[in-house]
Amino acid sequence: MFDKWEIDVQLDITAGCQRSCGDCVVSFNSPMFISRAKDFNGLMSQCSEEFFLGNLILGPTDVFASNQSVDYSDPAVLEIASHFKTVTLSTSLLGKKIDIINHAEKIGKLFTQQIKLSIPVDLREVDNKKYRDHIWEKINLFEEHLGRPLGTSSRKVYFIGNLPTKQDDIDPNIFDKFVKDWGVQLDIAINNGRKGIKDLKPVFDNAVEFFTNRIDKVNNFPGALMEEGRGIDLLFRNGELYYMPFYNERIGVLDNKFKLFKNQDWTLDNLIKDINSLMVESMEASQAHPECATCDLNSRCSLFLIPVLLNSLDIETCVQPKEVMKKHGSYNQAH
Ligand code: SF4
């Protein structure tokens with residue numbers, strides 16, 4: 001089915017944001033710059049021999065409304081993007097129509113790749129038809145001025161909700177409603193690790209309940225694992241490269257533990273070595289974990305570095321919606 005494993009990269013070019021989307025945790029200011037682009041481009045050239053270079057995601061805050069950024073038209077960004085099949089831009093599309101038109105026309109000319117949009121949505125507004133129609137109107141406007149269709153026929157955009165720590169008021173049918181009413185499945189982002197690994201603790205305290213109570217037969221948690229969990233996800237930020245663990249989605253964790261090439265050259269061999277040593281650490285952590293050690297989903301979670309996170313956060317219980325995953329038979333199908 002797949003000839004090559006896929007590499008997707010999140011390239012952080014923005015910090016701070018003029019919007020305030022629901023439960024956002026990435027809108028903190030910090031200087032943003034591109035460095036080690038030569039190392040990164042050399043690495044991607046080597047990777048392209050062995051892997052399929054899929055999606056470059058520009059963000060993490062609104063690329064049209066951040067407080068500090070490397071502009072997406074910067075030659076360094078364009079050169080990095082040239083390795084990938086798709087460029088996805090994070091944007092709320094909440095700006096003025098004229099600004100959206102200008103950005104779409106500029107992006108259509110700058111990038112030759114397939115373009116997708118990653119749009120943060122407020123989970124509490126799932127039934128707000130006016131809000132939904134407004135976002136789709138802006139998507140259609142962007143596409144009209146891009147000069148070519150967005151994304152693929154099955155997926156033009158990603159709707160991304162931030163996993164809320166307070167979730168009593170989140171609709172139990174939220175995933176179904178996004179598919180049926182919004183026309184695209186909802187993805188849930190866990191961005192708290194960008195503030196540091198410890199910020200993931202409250203998220204994992206609530207994640208099982210959130211997913212278990214909101215996923216039914218037609219939902220896609222296991223499907224997402226099978227489709228999105230196949231491959232390698234990296235985060236390139238201010239000259240540092242991080243490996244991304246995977247939960248329901250890839251998770252950016254700005255921690256030394258996930259940093260790659262600490263003392264080595266940026267080569268494919270060293271990338272594989274670093275990832276392998278994280279995998280070994282993950283398997284060892286799973287064997288030492290009270291629940292993971294005897295769990296039949298162990299190999300899947302180990303592959304995605306969940307036990308490394310549990311160990312780092314001193315979490316001794318399972319953080320997966322295990323019953324849902326078993327019901328849908330998602331054991332090792334991700335790889
Ligand atoms: S499903 Fe839970 S207990 Fe099993 S390996 Fe994953 S985190 Fe550990």
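Helices (H or I, at least four residues) and strands (E, at least two) are DSSP runs, numbered from the N terminus. This is a predicted model, in which local features need pLDDT of at least 70, side-chain atom pairs count only at pLDDT 80 or more, and totals for chains, interfaces and linings use all residues. Residues are numbered from 1 along each chain as its sequence is written.

**View 1. An open sheet of eight strands, with mixed pairing.** Reading across the sheet, the order is S8-S7-S6-S5-S3-S1-S9-S10; two strands are taken to pair if DSSP finds at least two bridges between them. At the edges sit strand S8 (186-189) and strand S10 (240-243), each pairing on one side only. From one strand to the next, the twist averages 25°, where axes are lines fitted to C-alpha atoms (for helices over the stretch in contact) and angles run from 0 to 180 degrees between N-to-C directions.

**View 2. Strands S3 and S5 side by side.** Here strand S3 (residues 52-59) meets strand S5 (residues 86-90) in the parallel sense, over four bridges. For a handy landmark, look for Leu58, which stands opposite Leu89 in S5.

**View 3. A cis peptide bond between Gly59 and Pro60.** Omega for this bond is about 5°. Pro60 belongs to the loop between S3 and strand S4 (68-69). As a reminder, most peptide bonds are trans.

**View 4. Two residues with positive phi, Leu93 and Asp314.** Most residues other than glycine have a negative phi. Leu93, found in the loop between S5 and helix H3 (97-110), has a phi near 60°. For Asp314 the value is near 55°, and the residue is placed in the loop between helix H10 (306-313) and helix H11 (322-327). Leu93 is buried because 25 other C-beta atoms lie within 10 Å, while Asp314 counts as exposed because it has 8 C-beta neighbours inside 10 Å.

**View 5. Ser73 and its contacts with Lys106 and Leu110.** Ser73 lies in the loop between S4 and helix H2 (75-81), and it counts as exposed because it has 12 C-beta neighbours inside 10 Å. Leaving aside residues up to four places away in sequence, Ser73 touches Lys106 and Leu110; contact here requires C-beta atoms, placed from the backbone, to lie within 7 Å. The C-alpha atoms of Ser73 and Leu110 are separated by 7.1 Å, with the two residues 37 apart along the chain.

Terms used. Buried ≥ 20, exposed ≤ 12 C-beta atoms within 10 Å, placed from the backbone. Contact = placed C-beta atoms within 7 Å.
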